[in-house]
Amino acid sequence: MTFYINDKGYEVSDKWVPNSWVSVECPTSEERNFLISGLEVPDSFISDIEDNDERPRRDEEDDGWQLVVIRVPVRRNDSRIDFTTVPLGIIIRDDVCVTICNHKTDMLDDFVVYSIRKKITVANFYELTLRLMLSASVWYLKYLKNINVQIMNSESELQETVRNDEILKLQRVENSLVYFLTSLKGNDVLFYRLIHTKTFRDACDEDLAEDVEIELKQAEETTSIYRNIIHNMSNSYSSVISNNINATMKTLTSINIILMLPTLIASVFGMNVVNFLEGSKFAFFFIIGGSLLLSFLMSLFFRRKDLL
């Protein structure tokens, strides 16, 4: 839990003071008790944010507390998925602003550093909410650049050889894009609800709202494009794999037929019955030569039919 005071950029404070921003990541039981007992934050709001599947929304209590939940991107070192999204709760009332996230994110630290570097003065907590949405959209785009590199690397490797590992990598990337696209759509719907709320509309700058809208749309469109690319790549390489299997099966079938002819001839002349070669000392060579000749002719036939 970190206390920030805004004065041309957010600076760390030793204790909470009115109108400061309280940023909490992975809250402990002591920090949770401080929020509930010290700042009187509704326990229900904190519990809602603990749900990893919480969708972007806005809620308001009768006593003035407001909750805004947005989805922010995070990187995960997981064999099943590389990137996902988690809920970030923004709780506001009068001179209290608390953000709670139950996961460690790169976004919040970068947001503080950026505000100091640009000497940004945040007029109110509603503006802070929009700036956090803007920062989240920027981080979506940053992670999408990493995803694009993964897509190009996988495409290069798949052009050389189609392996299950590369297909699974594409599947992990596609799963990340599904989470991104769903969260971005939820953030987009939430954004339009916020700017049509009188308190947010009156307290926030129009240029800031426009920037949030642009970044959200760009992140959403980029995610859709990358997802379509992966979908098309997966379909293309699935077709390649199917064609390779068909070609292999045709070749094996042709070889099987070619090898069947000598076996058939040997079976016929190997039967214990009278045939026109039983008295010839060259019978073995006639049978071998005939088998090889028929196999050779059959090979030419299959090659002409492009089956070998």
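Me: Which exposed residues does H8 carry on the face turned away from its buried side?

Reply: This is a predicted model, where local features need pLDDT of at least 70, side-chain atom pairs count only at pLDDT 80 or more, and totals for chains, interfaces and linings use all residues. Residues are numbered from 1 along each chain as its sequence is written, and side-chain values use heavy atoms, leaving out hydrogens and water. Helices (H or I, at least four residues) and strands (E, at least two) are DSSP runs numbered from the N terminus; buried means under 20% relative accessible area, exposed over 50%, and partly exposed in between (1.4 Å probe, protein chains only). On that face of H8 the exposed residues are Phe 285, Phe 286, Leu 292, Arg 303 and Arg 304.

Me: Why do the buried residues of H8 line one face of the helix?

Reply: The residues in question are Ala 283, Ile 287, Ser 291, Ser 295 and Phe 302. They line one face because, looking down the axis of H8, the directions from the helix axis to the C-beta atoms of its buried residues fall within an arc of 100°.

Me: Against which helix do the buried residues of H8 pack?

Reply: H8 covers residues 283-304. Contact here means heavy atoms within 4.5 Å. The partner of the buried residues of H8 is helix H7 (206-269).

Me: Which residues are in contact with Thr 222, leaving aside its neighbours within four places in sequence?

Reply: Thr 222 lies in helix H7. Its relative accessibility is 18%, so Thr 222 counts as buried. With those sequence neighbours left aside, Thr 222 is in contact with Leu 141 and Leu 144.

Me: How many disulfides does a search of the whole structure find?

Reply: A disulfide is a pair of cysteine sulfur atoms within 2.5 Å. The cysteine sulfur closest to that of Cys 97 belongs to Cys 204 and is 12 Å away, so it is too far for a bond. Cys 97 is buried at a relative accessible area of 0%, and Cys 204 also counts as buried, at 13% relative accessibility. Over the whole structure, the number of disulfides found is zero.

Me: What arc do the buried residues of H3 fall within?

Reply: Helix H3 spans residues 106-117. Its buried residues are Met 107, Leu 108, Phe 111, Val 112 and Ser 115. They line one face of H3, because seen down the helix axis they fall within an arc of 135°.

Me: Which residue just after H3 takes a positive phi?

Reply: H3 has 12 residues. Just after this helix, a positive phi of about 55° is taken by Lys 119.

Key:
Expected span 1.5 Å × (residues − 1).
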